[in-house]
Amino acid sequence: QWYRNSITRYRRAVKDDIERAHERATITRTLESVGWLNEFVTRFWLMFEPSLSRMVIDIVDPILAQSTPGFLDSLRLTTFTLGTKAPRINGVRTYSELEDRNQIVMDWHASFTPNDLSDVPPVLRENRVNPKVVLTVRVGKGFIGAGMPILVEDMVFKGKMQVKLQLGPVFPHVRTAEVCFLERPTIDFSLKPVGGDTFGFDIAHIPGLRTFILDMMHSTIGPMFYAPNRFKIDVEQLISGAVANIPSAKGVLVVNMRSARGLPKMDTFGKADPYVNITTVKHPELSVKTEVIEKTLSPAWEQKLFLLIYSKTDTV
């Protein structure tokens with residue numbers, strides 16, 4: 001009996017070791033499927049999308065109004081609905097060899113193809129809402145310059161995101177979350193006048209229009225989301241309500257942090273682990289920081305930092 005129990009325990013231990021080793025190799029070398037997460041997002045999207053669409057209109061429409069190219073009199077976002085099909089996470093790669101035990105880093109391969117219904121459950125196809133984005137373009141003035149609504153169709157978005165979570169002892173045990181695109185995402189679309197049966201062509205082929213729209217999108221998103229820039233969310237402050245007590249921002253300070261030379265030695269080996277932290281006197285709890293470059297006295301960050309300013313008389 002002792003021999004049988006020993007063999008059983010040994011086989012179970014070996015099997016567990018092999019499974020753990022295989023799982024460790026899989027999550028670091030290949031993309032994991034996250035069907036359970038996509039199933040959750042598919043249903044959660046139905047409640048979240050209306051709020052998201054309203055927020056996009058509030059943010060993007062003023063930018064379009066101020067960035068209208070010279071050959072147009074005005075460009076406005078009048079309707080924005082992403083539809084009932086949710087974005088999809090095609091795969092996740094996890095970094096398991098991090099030295100910081102309080103940090104989780106994942107690469108997410110995401111896509112948004114709202115017109116492809118092959119992966120949508122039949123129950124969610126009922127009462128389906130198609131994506132609808134309407135840009136009102138005005139060329140010239142007077143009667144000739146009447147606004148012409150343009151319908152954005154056949155939208156496709158694919159990108160590779162990196163998500164970094166910094167854990168902490170305070171509930172919900174996530175101090176900060178950082179998100180960035182590791183490379184420029186693929187964005188495609190068609191622009192057709194409402195009532196396309198009359199015109200029947202993609203006016204994005206008009207010289208300069210597609211390029212202008214894509215450049216404007218990348219120039220707006222890039223400083224916040226394209227690596228090495230990261231969009232950082234202080235989860236602890238959001239949960240505690242500290243952010244809600246801060247008044248509306250007066251502006252944004254953009255700092256191009258290039259490099260430093262001749263820093264003082266900070267360890268016995270004559271090196272340092274330099275970084276730059278920027279904050280204001282009146283709101284020291286809100287700060288932005290460069291990445292830490294280890295063991296050097298001449299760091300080169302080449303990062304762009306964004307700090308919200310809440311008072312014109314504040315000191316950085």
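Predicted model: local features only at pLDDT ≥ 70, side-chain atom pairs only at ≥ 80, totals over all residues.
How many salt bridges does the structure hold? The structure holds five salt bridges, a salt bridge being a side-chain nitrogen of Lys or Arg within 4 Å of a carboxyl oxygen of Asp or Glu.

Residues are numbered from 1 along each chain as its sequence is written, and side-chain values use heavy atoms, with hydrogens and water left out.

**View 1. Arg43 and Glu39 pair up within helix α2.**
The closest N and O atoms of this salt bridge are 2.4 Å apart. Both residues sit in helix α2 (residues 35-66), four residues apart, or about one turn of the helix. Helices (H or I, at least four residues) and strands (E, at least two) are DSSP runs, numbered from the N terminus. Arg43 counts as partly exposed because its relative accessibility is 38%, and Glu39 is partly exposed too, at 37%. For these labels, buried means under 20% relative accessible area, exposed means over 50%, and partly exposed is in between (1.4 Å probe, protein chains only).

**View 2. Arg230 reaches Glu178 across the sequence.**
Here the side chains of Arg230 and Glu178 meet in a salt bridge, at 3.9 Å from N to O. Arg230 lies in the loop between α5 and β8 and Glu178 in strand β6 (residues 174-181), so the pair ties together parts that are 52 residues apart in sequence. Arg230, at 29%, is partly exposed.

**View 3. Arg258 and Glu302 join two strands.**
The N-to-O distance in this salt bridge is 3.1 Å. Arg258 belongs to strand β9 (residues 251-259) and Glu302 to strand β12 (residues 300-309), so this pair links distant parts of the chain, 44 residues apart. Arg258 has 47% relative accessibility and therefore counts as partly exposed; Glu302, at 45%, is partly exposed as well. Have a look at the backbone of Glu302 while you're here: phi is positive, about 50°, although the residue is not a glycine.

**View 4. Helix α5 and its buried residues.**
Among the buried residues of α5 are Arg210, Phe212, Ile213, Leu214 and His218. Leu209 is in this helix and counts as buried because its relative accessibility is 11%.

**View 5. A cis peptide bond at Pro228.**
Ala227 and Pro228 are joined by a cis peptide bond, with omega at about 10°. You'll find Pro228 in the loop between α5 and β8.

**View 6. A nonpolar patch on the surface.**
Phe171, Met224, Phe231, Ile233, Leu238 and Ile239 form this patch, with about 570 Å² of accessible area together. The elements that give two or more residues to the patch are β8 (231-234) and α6 (235-240). Phe231, in strand β8, counts as partly exposed because its relative accessibility is 34%. Patches are made of residues with over 30% relative accessible area and no salt bridge, joining nonpolar side chains (Val, Leu, Ile, Met, Phe, Trp, Tyr) within 5 Å and like charges within 9 Å. Areas come from the Shrake-Rupley method with a 1.4 Å probe; for residues, only the protein chains shown count as cover.

**View 7. A negative patch that includes Glu99.**
Glu99, Asp100, Asp267, Asp273 and Glu294 make up a negative surface patch. Asp and Glu count as negative, Lys and Arg as positive, and His and the chain ends are not counted; a charge is placed at NZ of Lys, CZ of Arg, CG of Asp or CD of Glu. Glu99 sits in the loop between β2 (88-95) and β3 (103-112) and counts as exposed because its relative accessibility is 80%.

**View 8. Positive phi at Lys295.**
Phi of Lys295 is near 55°, a positive value in a residue other than glycine. Lys295 lies in the loop between β11 (287-289) and β12, and counts as exposed because its relative accessibility is 63%.
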